[in-house]
Amino acid sequence: MKVTILGCGAYALSLSLMFYKNTKNITLWTKVEEEKESLLKTRRNEKALPGIQIPEEIKVTSNLKEAIEDTSLIVFAIPAK
């Protein structure tokens, strides 16, 4: 089962770690290219979740089409004001 989480903030990252315990096919999506590059390079988001390592198996993309392709579940975890 593929799970796609739209967002890469604290809520999205926490959800990705919870889903990761049950399925290894997780994709995080961000619209911010710099955020994607940082997450891929460091596997951390110190601003959102200090000290938490994002497993290598969790994919990170800024391409929405790629993120939702063949997904079983889409979770919206984007900021809402």
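**Figure 1. Lining of the largest pocket in the predicted model.** The lining of the largest pocket comprises 6 nonpolar, 3 polar and 2 charged residues, as computed from a predicted model. The pocket has a volume of about 230 Å³. Its lining includes Gly7, Cys8 and Gly9. Trp29, Thr30, Lys31, Val32 and Glu35 also belong to the lining, as do Ala77, Ile78 and Pro79.

Figure 2. Strand β1 spans residues 3-6, and both of its faces are covered. Val3 and Ile5 lie on one side, Thr4 and Leu6 lie on the other, and all four are buried. In a regular strand, side chains alternate between the two faces of the sheet. Strand β2 (residues 26-29) runs parallel to β1 and is joined to it by 4 bridges. Strand β4 (residues 73-76) also runs parallel to β1, with 4 bridges joining the two. Ile5 stands opposite Leu28 in β2 and opposite Val75 in β4.

**Figure 3. The β-α-β unit and the largest nonpolar core.** Strand β1, helix α1 (residues 10-20) and strand β2 make a right-handed β-α-β unit. The largest nonpolar core holds 16 residues, of which Ile5, Ile26, Leu28 and Ile58 touch the most other members. The elements that give two or more residues to this core are β1, α1 and β2. Helix α1 gives the most, with 4 residues.

Figure 4. The structure holds 1 cavity of 30 Å³ or more. About 40 Å³ of space lies in the largest cavity. Leu13, Ser16, Leu17, Asn45, Leu49, Ile52 and Ile54 form its lining. By class, these residues divide into 5 nonpolar and 2 polar, with no charged residue.

**Figure 5. Asn45, a buried residue of the cavity lining.** Asn45 is one of the residues that line the largest cavity. Its place is in the loop between α2 (33-42) and β3 (59-61). Asn45 counts as buried because its relative accessibility is 14%, under the 20% limit. Asn45 and Gly9 are 36 residues apart in sequence, yet their C-alpha atoms are 7.9 Å apart in space. Gly9 is itself among the residues that line the largest pocket.

**Figure 6. Tyr11, an exposed residue of helix α1.** Tyr11 is located in helix α1. With a relative accessible area of 55%, Tyr11 is therefore classed as exposed, the limit being over 50%. Glu56 lies 45 residues from Tyr11 along the chain, and 19 Å separates the C-alpha atoms of the two residues.

Figure 7. Arg43 is a residue other than glycine, and its phi is positive, near 60°. Arg43 is found in the loop between α2 and β3. Because its relative accessible area is 4%, Arg43 is buried. Asp70 is likewise not a glycine and has a positive phi of about 60°. Asp70 occupies the loop between α3 (64-68) and β4. Its relative accessibility is 71%, so Asp70 counts as exposed.

Key:
Residues numbered from 1 in each chain as written. Predicted model: local features only at pLDDT ≥ 70, side-chain atom pairs only at ≥ 80, totals over all residues. Heavy atoms only, no water. 1 Å grid on protein atoms, 1.4 Å probe; cavity = no way out; pocket = protein on both sides within 12 Å on 5 of 7 lines; lining within 4 Å. Points joined across faces, edges and corners; volume = space filled by probe spheres on them. Nonpolar A, V, L, I, M, F, W, Y, C, P; charged D, E, K, R; others polar. Buried < 20%, exposed > 50% of the residue type's maximum accessible area, 1.4 Å probe, protein only. Pairing = 2+ DSSP bridges. Right-handed = clockwise from strand over helix to strand, strands pointing away. Core = buried A, V, L, I, M, F, W, Y, C linked by side-chain atoms within 4.5 Å.
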